[in-house]
Amino acid sequence: MSSQTHVVLPDQIDREDWLRLEHWLPDLQQMWDAAFLRLSDAFDPYERGEITISMRQGIGMIFVLGLAAGLLPLVGNLWISLRAGTAAPLAALALSLTELANAYAGAPALNVASNTASLLAGIEPRMPGFWAALLSSLGLWLNTPLNWLSSWILYGAFVAALARLFGATNRLQTFFAATSFTAIPMVLTGLAPLPLLGPLAVVVAWIWAAIVYYQAVRYVTRLDPVRTLLCMALPPMVAVAAAMVLALFVALVVRIG
């Protein structure tokens, strides 16, 4: 039978088809449906009773959307670092500390930190300043989708494990494929550098993403709302508690020492 006469599920494609774009990205209609919480249409546009997006497509979507979200910060980093003629992290650190020192002029420690950062930013880099600024800015840009992917996998692994403990029977690949749509509202975080609008966009993005993630987890695990919320809330709560215990332990060691 020709591949044009039936639906080919994304996780069952032949090796020679791996480079085709549609096997690395869901289509725009699926992403649009997921953004507006029409998850049944996003996951199963062919109405076959299957989740027809693969984890591979989820990885591609997160990477592309992460690059899109990083475009505005990339422009800002290039502007700052090219003017300073140094690497983007040093230029951004010097600028932020200078602004902070100006806002709190009576804090000597901030003035010292600001002057030190400005001095470091002014040191001639080993490569020409233009290339240091360009390559470091591009590195920060590529780091955005990589951070998204690592957070998605790490957090999702804990959520999926808890869901299994609570009785879910779905496959891990299906879980990650569904939750990958959370990256769609996170594109708004790319507006963070904008004054006033940026912080609001970040808050909206996180709330919207949490709603999409919750709906996706419920859809694939078939858990009730309470168990779904517990699966999502317990990993960050445990992480915060562990960080507090570690901080107390370090403080106790320093005090004893």
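Contact means heavy atoms within 4.5 Å of each other. The structure is a predicted model, in which local features need pLDDT of at least 70, side-chain atom pairs count only at pLDDT 80 or more, and totals for chains, interfaces and linings use all residues. Residues are numbered from 1 along each chain as its sequence is written, and side-chain values use heavy atoms, with hydrogens and water left out.

The chain has 11 helices and zero strands. Helices (H or I, at least four residues) and strands (E, at least two) are DSSP runs, numbered from the N terminus. Of the 257 residues, 34% are buried. Buried means under 20% relative accessible area, exposed means over 50%, and partly exposed lies in between (1.4 Å probe, protein chains only). Among contacts with a separation of 6 or more, 70% join residues 24 or more positions apart. The chain exposes about 15600 Å², and carbon and sulfur atoms supply 70% of this area. Accessible areas come from the Shrake-Rupley method with a 1.4 Å probe; for residues, only the protein chains shown count as cover.

Helix 1 spans residues 28–35. Its buried residues are Gln30, Met31, Asp33, Ala34 and Ala35. They pack against helix 2 (39–43), helix 3, helix 9 (183–186) and helix 10 (197–221). Asp27 caps the N-terminal end of helix 1. A side-chain oxygen of Asp27 lies 3.1 Å from the backbone nitrogen of Gln29. After helix 1 comes Leu37, with a positive phi near 65°.

Helix 3 (residues 55–69) packs with helix 4 (residues 71–84) at an angle of about 40°. Their axes are 4 Å apart. Axes are lines fitted to C-alpha atoms, for helices over the stretch in contact, and angles run from 0 to 180 degrees between N-to-C directions. Helix 3 and helix 4 are therefore oblique to each other. Angles under 35 degrees count as roughly parallel, over 145 as roughly antiparallel, 65 to 115 as roughly perpendicular, and the rest as oblique. Leu67, Ala68 and Ala69 in helix 3 meet Leu71, Leu72 and Pro73 in helix 4. This contact has six nonpolar, no polar and no charged residues. Ala, Val, Leu, Ile, Met, Phe, Trp, Tyr, Cys and Pro count as nonpolar; Asp, Glu, Lys and Arg count as charged; the others, Gly among them, count as polar.

Helix 11 (residues 225–256) contains Pro236. Pro236 is partly exposed, with a relative accessible area of 38%. The C-alpha atoms of Pro236 and Phe158 are separated by 9.8 Å. These two residues are 78 residues apart along the chain.

Key
A polar contact is a pair of N or O atoms within 3.5 Å; within protein, one must be able to donate a hydrogen and the other to accept it, and residues adjacent in sequence count only if both atoms are side-chain atoms.
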